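I wanted to go from the whole chain down to single residues.

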Amino acid sequence: RVYYTILYSIIKIEIKVSSEIRTGECHTTIDIREATTMEMVEIEYDQHQQTQSSSSEEDDDIDIDNYGVGEKWIEHYSSSHRILLVGEGDFSFSLCLAKAFGSAINMVATSLDTQQDLANKYSNGIGNVRELEEMRCLVLCGVDATQMSQHYFLRTQRFHRIVYNFPHAGFIFPEANACQIKMNKQLVKGFLKNAKVLLREEQEEGEIHVTHKDGDPYDKWDLVKKAEKIGLVLHESVPFYKNKYPAYHNKRAHGCFSDAPFRLGDSTTFKFRLARSC
């Protein structure tokens, strides 16, 4: 659609000026970009409402349901879900879902990395992004998982599934070091707080999925306790099997060997939902 073409152009502008924005410059540019983006969102939503006028009442965000194509599943994820993927490495997990669905039109895939970072760190990063965009996925670079609820586009959206695989703050200290554990706990806490804001409440209940390594020192991150403190409850935890996601490549993402895989071992996907008052 024309909307996606325009939005991609706007996002590319955002990426190019991101370094200047961090220094406090380009305030006028960011205001214009944000206003334009919001205008495009409103135009797309109005058009979608008009084409669905004979259907039941629509949701308050952009949600396109496969254009009549049958629902497709891969593990916990459906092509009819509005899915936000957070902290992607080389975007191979997002691409795996997109290929299983046959389309990525209901997906938004994000990474903290810039496009230049992707090119420098991963052999297939840019290629995977291009393939995702061809399948109509919205790819956003430079998205901080601990601040994403304030992102100029994401804050307008609500999702059925928000997915963060193997969150990690970077290899600053040894894994079992108290400082490293604290950094990882802060990352997870910040992500859960922001994901909670973006979670969908109407119709099918939304879920936040965090896939996490089992055992020491990872159990010390207190993932479930962190979630409970911010108003989430553990709905289910299930073993994570990498072979269930064809062509997904877990990456170290940090340091000199960013494109290398890390040892998974036993891992679990934790599924959180909003806590309901009695």
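Below are my entries, grouped by topic.

**Ground rules**

I'm working with a predicted model, where local features need pLDDT of at least 70, side-chain atom pairs count only at pLDDT 80 or more, and totals for chains, interfaces and linings use all residues. Residues are numbered from 1 along each chain as its sequence is written, and side-chain values use heavy atoms, with hydrogens and water left out.

**The whole chain**

I looked up the secondary structure and found eight helices and nine strands in the protein chain. These are DSSP runs numbered from the N terminus: helices are H or I with at least four residues, strands are E with at least two. Next I checked burial: 49% of the 278 residues count as buried. Buried means under 20% relative accessible area, exposed means over 50%, and partly exposed is in between, using a 1.4 Å probe and protein chains only. Then I looked at contacts, meaning heavy atoms within 4.5 Å. Among contacts with a separation of 6 or more, 73% are between residues 24 or more positions apart.

**Helix α4**

I noted that α4 (92-101) is mostly covered, with eight of its ten residues buried. Among them are Phe93, Leu95, Cys96 and Phe101. What do the buried residues of α4 pack against? I found β1 (73-74), β2 (77-78), β3 (83-86), β4 (107-111), α6 and β6. Gly102 follows α4 and has a positive phi, near 85°.

Is Ser94 buried or exposed? It counts as buried, because its relative accessibility is 0%. Its side chain makes a polar contact of 2.7 Å with the side chain of Glu88. A polar contact is a pair of N or O atoms within 3.5 Å; within protein, one must be able to donate a hydrogen and the other to accept it, and residues adjacent in sequence count only if both atoms are side-chain atoms. Leaving out residues up to four places away in sequence, Ser94 touches Leu85, Glu88, Met107, Ala109 and Leu132.

**Helix α6**

In α6 (residues 125-134), I found Gly125, Asn128, Val129 and Leu132 buried. They sit on the same side of α6 because they cover an arc of only 100° around the axis, the arc being that of the directions from the helix axis to the C-beta atoms. Arg130 and Glu134 are exposed on the other side. The buried residues of α6 pack against α4, α5 and β5.

Not counting residues up to four places away in sequence, Glu131 touches Leu95 and Lys99. I also checked Glu131 against Ala98: they are 33 residues apart along the chain, and their C-alpha atoms are separated by 9.5 Å.

Most residues other than glycine have a negative phi, and most peptide bonds are trans. So which exceptions did I write down? Arg136 has a positive phi near 75°; it is in the loop between α6 and β5 and partly exposed at 28% relative accessibility. Asp222, with phi near 55°, is in the loop between β7 and α8 and is partly exposed at 29%. I also found a cis peptide bond joining Asp216 and Pro217, with omega about 5°. Pro217 is in the loop between β7 and α8 (223-229).

**A buried glutamine**

Gln157 is in the loop between β5 (138-141) and β6. I noted that Gln157 is buried, with a relative accessible area of 0%. Its side chain has a polar contact of 2.8 Å with the side chain of Arg82.

**The largest pocket**

On a 1 Å grid over the protein atoms alone, a pocket is an open set of points where a 1.4 Å probe fits, with protein on both sides within 12 Å along at least five of seven lines; lining residues have an atom within 4 Å of a point. The volume of the largest pocket is about 740 Å³, counted as the space filled by probe spheres set on the points. Of its 39 lining residues, Gly87, Phe166, His168, Ala253 and His254 are the closest to its centre. Elements that each supply at least two lining residues include α4 and α5 (115-121).
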